[in-house]
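This report describes a few local features of one protein chain. Please look over the sequence and the model before reading on.

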Amino acid sequence: MAGKVMHAVQYDSYGGGAAGLKHVEVPVPTPNKGEVLLKLEATSLNPVDWKIQKGMLRPLLPRKFPCIPATDVAGEIVEVGPEVKDYKPGDKVVAILNHLNGGGLAEYAVAKESLTVLRPPEVSAADGASLPVAALTAHQALTGPAEVKLDGSGPQKNILVTAASGGVGHYAVQLAKLGNTHITATCGARNIDFVKSLGADEVIDYKTPEGAALKSPSGKKYDAVVHCTTGIPWSTFEPNLSPKGKVIDLTPGASAMWTFAVKKLTLSKKQLVPLILIPKRENLDYLVKLVKEGKLKTVIDSRHPLSKAEEAWARIMDGHATGKIVVEP
């Protein structure tokens, strides 16, 4: 592929939103040691993608401009770098790209072998590309701090999922349901039936007084909250938690880190746990297999061609997608 060029979408400064994206022709990247080159079939967007562009993660991300954003991809391997053992050209895969480099909004991208898994024919490219950040985050929250066993063993846990119709939330409800759980979920009124269909036992409209207070309709106290949104203070969660309840904050800001520290220092039994995703190949493989077996489904909010990536970007920035937003070359 050396010397070939490809269509890609990039931005070259902070800010600008969808209007800051530029369509360019750039060289097809070359896989280095332990990397594979993918011809992309689908890429999904995550809120972190626009937050990086806005400058919310500076000085860490992006590492350099111009930046081709997005990390969650599915495609076909067209070339393998040195020392790649598990894959060969022609393999269909799902991969999570490094946030330092991104690269997903393009026709080709380079992925690490260590964060790439095979995609069986039963799993579409769009379904596979939707999994990495969103489903891995839900999986890590539930199997880590929430201590839910997804094989259904273990004591019953009462779980609250906020923003349950979104990318992470819609996976969190389905994964939690595989365990021995009672799930309360919040979402907007238009998505109540949808979230019930994912397996939630009770669903509350976050705009009602009960929803704003996060009170379970059946009066249950939550052993863990998979908190997929922002702007809810600790004081709202605290009265709804069981004696050792945890709020797992997936987008921790400064106030969350402060609450986390205070709760630790005061030896509080109720904890706020900031979650930073640590992607693991075996977990991604597990999730792809669940999709194959029909135990986990990806709900796609909208699909957009790469030539209209700005529309997908505006949609993810809007923050009201039901499920996942997918871009296809």
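In this predicted model, helix α3 is mostly covered, with eleven of its twelve residues buried. The buried residues of α3 are P132, V133, A134, A135, L136, T137, A138, H139, Q140, A141 and L142. The helix runs over residues 132-143. Its length can be checked: at 1.5 Å a residue, the twelve residues should span 16 Å, and the C-alpha atoms at the ends of α3 are 16 Å apart, which agrees.

**Aromatic pairs**

The structure holds three aromatic pairs. One of them joins Y11 and W313, whose ring centres are 6.4 Å apart. Their planes meet at 55°; an angle over 60 degrees would count as edge-to-face and one under 30 degrees as stacked, so the pair of Y11 and W313 is tilted. This pair links distant parts of the chain, 302 residues apart. Y11 sits in the loop between β1 (5-10) and β2 (22-27), while W313 belongs to helix α10 (residues 309-318).

Y14 and F65 form an aromatic pair that is edge-to-face, with 5.0 Å from centre to centre and 85° between the planes. Here too distant parts of the chain are linked: Y14 lies in the loop between β1 and β2, and F65 in the loop between α1 (47-54) and β4 (72-80), 51 residues apart.

Y11, Y14, F65 and W313 form one aromatic cluster. The table gives the relative accessible area of each member.

| Residue | Relative accessible area | State |
|---|---|---|
| Y11 | 1% | buried |
| W313 | 0% | buried |
| Y14 | 26% | partly exposed |
| F65 | 33% | partly exposed |

T322 is found in the loop between α10 and β15 (324-328). Is this residue buried or exposed? T322 has a relative accessible area of 12%, and because the limit for buried is under 20%, T322 counts as buried.

Which residues is T322 in contact with, leaving aside its neighbours within four places in sequence? They are S165, R190, N191, F194, V299, I300, D301 and R315. With N191, the side chain of T322 makes a polar contact to the side chain at 3.4 Å.

Key
Residues numbered from 1 in each chain as written. Predicted model: local features only at pLDDT ≥ 70, side-chain atom pairs only at ≥ 80, totals over all residues. Heavy atoms only, no water. Phe/Tyr/Trp six-rings, centres within 6.5 Å; stacked < 30°, edge-to-face > 60°. Helix = DSSP H or I, 4+ residues; strand = E, 2+ residues; numbered from the N terminus. Buried < 20%, exposed > 50% of the residue type's maximum accessible area, 1.4 Å probe, protein only. Polar contact = N/O pair within 3.5 Å; in protein donor to acceptor, adjacent residues only side chain to side chain. Contact = heavy atoms within 4.5 Å. Expected span 1.5 Å × (residues − 1).
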